[in-house]
Amino acid sequence: MSPYGPTPTPRPRPPGSPGPDPGPDHRNARIAIISLIVTSMLTVIGIVVSVVVADKDDPSDDGRGGGPTARPFQDDTDGTDHTEDGEDDGLTTAQRELRDSLNPAQWRRESCEPDTVPGAEASLRCTVTTQDPTYGALTTKASISVYGSKSEAQKVFRDYTAGLPDGNCDQQQNVRGVWSENGSDTPAGDAACYMNTTFQYVITCTYYDRPALFAVTGPDFPALNRWWHGLDPIFTD
């Protein structure tokens with residue numbers, strides 16, 4: 001109860017009727033609060049727009065951390081060999097032998113990690129950098145596997161490429177043909193390019209003189225093909 005007597009009950013105003021004038025001080029305070037809210041909203045909108053524009057302008061963004069320019073795919077290594085003497089690098093003896101046979105001019109041997117390929121005696125996935133006359137250095141991950149015999153490697157290749165017609169991957173996709181190293185006229189093995197079940201493009205090839213199978217995968221076929229054309233001989237022996 002108020003000490004000044006009963007509080008009169010205010011009469012309700014008709015809908016839409018103006019309320020009492022809050023006075024200039026209240027009006028100024030209300031205007032200041034509204035201005036502060038509007039300014040904050042514009043600042044947030046500006047930040048969001050800036051982020052979206054920056055993302056769209058990033059030429060290296062293809063949805064997987066890479067794009068079709070200087071680095072077509074995400075390179076998640078820093079070029080440093082983190083394996084100290086005597087430290088377990090997680091590779092088997094066969095995988096180490098495979099790693100040590102790779103061309104160090106393009107294959108970062110210290111980046112190689114075990115890859116699981118059914119039937120292979122050893123399989124690795126490594127960072128590989130090639131050179132393109134227009135785009136410069138192109139980097140991605142590639143897989144290399146060795147089998148017990150050349151016929152085993154050829155069987156795996158045929159299983160993956162069954163049903164593909166003969167063709168040239170420079171002219172079309174989803175075809176099978178042959179490939180040569182360093183522009184030689186002598187085929188080094190069979191090759192194929194196709195889209196796999198996860199909608200990624202694949203370039204894979206075999207060797208006629210060794211039980212090896214190579215494969216590289218990516219979302220952008222022109223970038224993948226440019227990288228492929230810059231590939232030097234994979235093996236050093």
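Which residue in β3 is the bridge partner of Thr127? The bridge partner is Lys141.

## Basis

This is a predicted model, in which local features need pLDDT of at least 70 and side-chain atom pairs count only at pLDDT 80 or more, while totals for chains, interfaces and linings use all residues. Residues are numbered from 1 along each chain as its sequence is written, and side-chain values use heavy atoms, with hydrogens and water left out.

## Overall composition

The protein has four helices and seven strands, taken as DSSP runs numbered from the N terminus (helices: H or I, at least four residues; strands: E, at least two). Read from the N terminus, the order of elements is α-α-β-β-β-α-β-β-β-β-α.

Of its 237 residues, 32% are buried (under 20% relative accessible area; exposed is over 50%, partly exposed in between; 1.4 Å probe, protein chains only). The protein exposes about 14800 Å², with carbon and sulfur atoms supplying 55% of it (Shrake-Rupley method, 1.4 Å probe; for residues, only the protein chains shown count as cover). Among contacts (heavy atoms within 4.5 Å) between residues at least 6 apart in sequence, 47% join residues at least 24 apart.

## Sheet and packed helices

Seven strands form an open sheet with antiparallel pairing, in the order β1-β2-β3-β7-β6-β5-β4; two strands pair if DSSP finds at least two bridges between them. β1 (113-114) and β4 (175-179) are the edge strands, each with a single partner, so one side of each has no neighbour in the sheet. Eleven bridges link β2 (residues 122-132) and β3 (residues 136-146) in the antiparallel sense.

Helix α2 (residues 93-100) packs on the sheet, where it touches β1, β2 and β3, and its direction makes about 15° with that of β2. Helix α3 (residues 150-161) also packs on the sheet, touching β4, β5, β6 and β7, at about 30° to the direction of β5. Axes are lines fitted to C-alpha atoms, for helices over the stretch in contact, with angles from 0 to 180 degrees between N-to-C directions.

## Faces of α2

Gln95, Leu98 and Arg99 of α2 are buried. Seen down the helix axis, the buried residues fall within an arc of 100°, so they line one face; the arc is that of the directions from the axis to the C-beta atoms. These buried residues pack against β1, β2 and β3, whereas Thr93 and Glu97, on the other side, are exposed.
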